[in-house]
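This briefing goes through one structure by topic. Please keep the sequence and the coordinates open while reading.

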Amino acid sequence: MKMASLQEMNSEVSTAMKIRTLIRHINEGFKNISRNGWMSFASIGAVTVTLILVGAFLALILNLNQIAHNIESDVEVKAFIERTADENDVRNLGTEIESIAGVKSVSFASNDEELESLIESMGEEGEAWRLFKQDNPLTHAFIIKPEVPKDTTSIAEQVTHLDHVREVTYGKDTIDRLFTFNDYARNIGLVLIIGLVLTAIFLISNTIKLTIMARSEEIGIMKLVGATNGFIRWPFFIEGMLLGALGSVVPILLILVGYNYLDGNIREKVSFSFVEFLPFYPFAIQLSLIILLIGVFIGMWGSVMSVRKFLRV
Amino acid sequence: MIILKDIQKKYNNGVTALGGVDIHIKKGEFVYVVGPSGAGKSTFIRLIYREVKPTAGEIIIDGLNLSDLKEKNVPYLRRKIGVVFQDFKLLPKLTIYENVAFALEVIEESPENIRTKVMDVLGLVGLKNKARHFPNELSGGEQQRVSIARAIVNNPDIVIADEPTGNLDPETSWEIMEIFEEINVRGTTIIMATHSKEIVNTIKKRVIAIENGFVARDEQRGEYGYEN
């Protein structure tokens, strides 16, 4: 009983000690930043520029992805049926299509319905098409929805080979082009971002190197009196993380303000059904968190590089 | 307490500092390490607090074989050993109190303990009244007393001093030696590298002479044995 309470007390003491030590490290980290003045400023600036670009590219790419995804999920395969097919053939064809793997739903559209929807979709010009109601040039069609958008091509391919199918159409080209554009944007963005991230890491590690040099005497004494390596390293880690986190402040503000503006103003002007921006909440918040994390990561990495090289503890 | 078995140390630049040294120092001993400059005294001192590693041989301190000591455990070895240098190595921007307290802060001692321990040890070296001064306001002898205070504030078993009186005038040197003797009386093992013939020949202790990387003499109550 006595033993247990003693142990409890010990663990309490050590937790209290850790909190105090942590506060000390954070204090030291802040002191280091103000001590290095301009160099800290340059590091934070580099992180800021990097993160603004990272944020802009991420917002662009993620929205493009979303748009592409929206279009993709609208995709349907239309199989036009030969005029010569009788009711029985059409029914058989319907069952055959339904049995193709990956098909979600099949619906039949008669040529009259097709014409009606065509007229409607063309507005006033569509009125001219009313003449065709007497002698409808269109054919009956099956509208097929795939389970997953990726299967569109293979389903279309299989439907083409079925009897009584005259023609198969689907909007695959548009999506492919969008995705190609997306890939370009992503690759260019990645190259730019990697270059900038490396620059920011380099600048941060240089800033921390300055701190280490300025404090080499102090570090020497710390080693001599038996400070653990972790204890010596922590303030530099914190300095790096702080530099990264401070560098993410401006980019995050820009994202929040800028995205809010876009969300409010552009959304109404772009009225295509498929162009739907990711909503401010939660997207802008998530993006801000990602930016903060990248900033902290850059700072940590910069400090790790510096500490490894210049602090053989 | 401290055992060196056939210790050899060759530096990367090809210099052989120690060629095969066997030394056994018992707990509570006071040992002078003497010898010409560059004979290996400093290397010997630095081996003990694991600033350098031997090329061959074994060092055992307090039952702990330093060859088995993992890098991450070196700090815990250093906490058993206080080190004093010729050039004091005080931090100029910290007060005397802070300089001594720093040694305890960085090993995460609790604030209550720091306060008592620092004031105790400043009393021992006779600098309680200078606690709030900065190092540059103190004389060389006083600064050395601060660095001794820092070395012993954590109650180490061993104190190593590398020419602690090297920068001090004779009178001040005697004051410093008094402090070392006082620490030794309390049971702390003291190893001191020195060039001072007067000190070694007056305060008689064990003398280990290192010449050309080997132990040339090892005598209880020995003489300095060199002309200054």
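Is Glu163(B) buried or exposed? Glu163(B) is buried, because 20 other C-beta atoms lie within 10 Å and the cut-off for buried is 20 or more. The model is a predicted one.

**Contact between chains A and B**

- On chain B, 14 residues are in contact with 13 residues of chain A.
- At least two residues of this side of chain B come from each of helix 2 (74-78) and helix 3 (96-105).
- The most is given by helix 2 of chain B, with three residues.
- Sorted by class, the side of chain B that touches chain A holds eight nonpolar, five charged and one polar residue.

**Nonpolar cores**

- The largest nonpolar core has 100 residues, and those touching the most other members are Val33(B), Ile48(B), Val100(B), Ala149(B), Val159(B), Ile160(B) and Ile191(B).
- Another core, of eleven residues, lies apart from it and includes Val77(A), Leu93(A), Ala141(A) and Val159(A).
- Leaving out residues up to four places away in sequence, Val159(B) touches Gly82(B), Val84(B), Ala151(B), Ile152(B), Ile183(B), Thr188(B) and Ile190(B).

**Helix 3 and helix 4 of chain B**

- The axes of helix 3 and helix 4 (residues 111-124) of chain B come within 10 Å and cross at roughly 130°.
- At that angle helix 3 of chain B is oblique to helix 4 of chain B, and the crossing is right-handed.
- Helix 3 of chain B contributes Tyr97(B), Val100(B), Ala101(B), Leu104(B) and Glu105(B) to the contact, while helix 4 of chain B contributes Ile114(B), Lys117(B), Val118(B), Val121(B) and Leu122(B).
- The residues of this contact divide into eight nonpolar and two charged, with no polar ones.

**Arg150(B) in helix 5**

- Arg150(B) is part of helix 5 (residues 140-152) of chain B.
- Arg150(B) counts as buried because it has 29 C-beta neighbours inside 10 Å.
- Not counting residues up to four places away in sequence, Arg150(B) touches Asn99(B), Val100(B) and Ala103(B).

**Helix 1 of chain B**

- Helix 1 (residues 41-48) of chain B is largely enclosed by the rest of the structure, because six of its eight residues are buried.
- The buried residues of helix 1 of chain B are Lys41(B), Thr43(B), Phe44(B), Ile45(B), Leu47(B) and Ile48(B).

**Val185(B) in helix 6**

- Val185(B) belongs to helix 6 (residues 170-185) of chain B.
- Val185(B) is exposed, because 10 other C-beta atoms lie within 10 Å and the cut-off for exposed is 12 or fewer.
- The C-alpha atoms of Val185(B) and Gly28(B) are separated by 7.9 Å, although the two are 157 residues apart along the chain.

**Backbone features**

- Glu163(B) is not a glycine but has a positive phi of about 50°, and it lies in the loop between strand 7 (158-162) and helix 6 of chain B.
- Asp6(B), also not a glycine, has a positive phi of about 45° and is found in strand 1 (residues 2-10) of chain B.
- Asp6(B) counts as partly exposed, with 13 C-beta neighbours inside 10 Å.
- In chain A, Tyr281(A) and Pro282(A) are joined by a cis peptide bond with an omega of about 10°, and Pro282(A) is found in helix 10 (residues 280-310).

Key. Residues are numbered from 1 along each chain as its sequence is written. Chains are lettered from A and ligands numbered from 1 in the order in which they are written. This is a predicted model: local features need pLDDT of at least 70, side-chain atom pairs count only at pLDDT 80 or more; totals for chains, interfaces and linings use all residues. Two residues are in contact if their C-beta atoms, placed from the backbone, lie within 7 Å. Helices (H or I, at least four residues) and strands (E, at least two) are DSSP runs, numbered from the N terminus. Ala, Val, Leu, Ile, Met, Phe, Trp, Tyr, Cys and Pro count as nonpolar, Asp, Glu, Lys and Arg as charged, and the others, Gly among them, as polar. A nonpolar core is a set of buried Ala, Val, Leu, Ile, Met, Phe, Trp, Tyr and Cys residues joined through C-beta atoms within 7 Å. Axes are lines fitted to C-alpha atoms, for helices over the stretch in contact, and angles run from 0 to 180 degrees between N-to-C directions. Angles under 35 degrees count as roughly parallel, over 145 as roughly antiparallel, 65 to 115 as roughly perpendicular and the rest as oblique. A crossing is left-handed if the near helix is turned anticlockwise from the far one by less than a right angle, and right-handed if clockwise.
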